[in-house]
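This report describes selected features of one protein chain. Please keep the sequence and the structure in view while reading.

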Amino acid sequence: MTVLDSAAHRRALAGRLAGGGFLRTPPWREAVETVPRHEFLRGGFFDQVDGSAPTAWRPVLPETPGWLERCYADESLVTQIAGTVVPGDIRGEILRTPTSSSTMPSLVVRMLEELQVDDGNRVLEIGTGTGYSTGLLCHRLGDELVTSVEVDAEVSSRASAALGSCGYFPELVVGDGLAGHKDGAPYDRLVATCGVLEVPHAWIEQTAPGGVILATLCGWLYASELARLTVGDDGVAHGRLLGGQISFMLARPQLPPPLGMLPDLDDGKERETVTGADVLNNWSARFVTQLAVPGAQRLTM
């Protein structure tokens, strides 16, 4: 692969995103045309195995034919399974739940456009992931204005290496993104690349008056929606839902207990219950599971 090949893919991606109405302003188009998404996928990604039940995943590595083209397709690419497993760890298939991914570019740039940043804005990103969206923010605003929090130390380390290879050096923090990062507050903008059940008060406290919070709010039965809030001088955030189909993995600290450990609704104690690995693939069983363990619907993408 040559630099020219990559540049052509970036320009083509930007053209498709602009044509779809996701990429609307010149600064963000320049960022998409400049930041190489494939550099954030050097460790490969996982492909879903067609027809598998429960869902199986197989690795796609840089030496796999078509890898580069897939990096610039408008699709989310799973980069971690079961909290620790990366594509290079697997030869064959794995039947576990995805825990990290590179979000589809159209959603990434839509959120960055909806964030309504201005030159000089300080941004806190919740969920570094592969670091691609962090790189776009760095290109648009400058490294010194971007802070990104990631709960998974290994994910953050890989993102740091990818960002550095592209010449970007933002502040990367390993910790619970639901707590924000008060040491760098206040921020002019806060964007979350994970789903949340409610907007944490810490995010509102750490956003300057007039600042914007952009996050995906999640509910029952896979319900989710993108919300944009503006923080007032009184410390209260007001806003609206923006519409469109938005879906992110739920923030890890809000995930439910593992399947098989459902609470006993009679005495409040946990007891082991056999549910089966595919319980969330059955609507009736999933509904019952959610009644016992609110949030269980977010165990799968």
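## Strands, helices and a pocket

Val 78 has Ser 101, a residue of strand 4, as its bridge partner. This pair belongs to a predicted model. Strand 3 and strand 4 run antiparallel and are joined by 4 bridges. Strand 4, which spans residues 98-102, is mostly covered, with 4 of its 5 residues buried.

A further group of strands forms an open sheet of 7 strands in the order 7-6-5-8-9-10-11, and the pairing is mixed. Strand 7 (171-174) and strand 11 (237-241) stand at the edges; each has a single partner strand, so one side of each is left without a neighbour in the sheet. From one strand to the next, the twist averages 15°. In general, the strands of a sheet pair through backbone hydrogen bonds, in either a parallel or an antiparallel manner. Strand 6 (residues 146-150) pairs with strand 7 in the parallel sense, over 4 bridges. Within this pairing, Val 149 stands opposite Val 173 of strand 7.

Which helix packs on the sheet and touches strand 8, strand 9 and strand 10? Helix 4 does so, and its direction makes about 25° with that of strand 10. Helix 5 lies across strand 5, strand 6, strand 7 and strand 8.

| Helix | Residues | Strand used for the angle | Angle |
|---|---|---|---|
| Helix 4 | 105-114 | Strand 10 (224-231) | about 25° |
| Helix 5 | 132-141 | Strand 5 (123-126) | about 175° |

Helix 4 is mostly covered, since 10 of its 10 residues are buried. Among them are Pro 105, Leu 107, Val 108 and Met 111, together with Arg 110, Glu 113 and Glu 114. After helix 4 comes Gln 116, which has a positive phi, near 55°.

The remaining topic is a pocket. Which element gives the most to the lining of the second largest pocket? Helix 6 does, with 4 residues. By class, the lining has 7 nonpolar, 7 polar and 3 charged residues.

Terms used:
Residues numbered from 1 in each chain as written. Predicted model: local features only at pLDDT ≥ 70, side-chain atom pairs only at ≥ 80, totals over all residues. Heavy atoms only, no water. Pairing = 2+ DSSP bridges. Helix = DSSP H or I, 4+ residues; strand = E, 2+ residues; numbered from the N terminus. Axes fitted to C-alpha atoms, helices over the stretch in contact; angles between N-to-C directions. Contact = heavy atoms within 4.5 Å. Nonpolar A, V, L, I, M, F, W, Y, C, P; charged D, E, K, R; others polar. Buried < 20%, exposed > 50% of the residue type's maximum accessible area, 1.4 Å probe, protein only.
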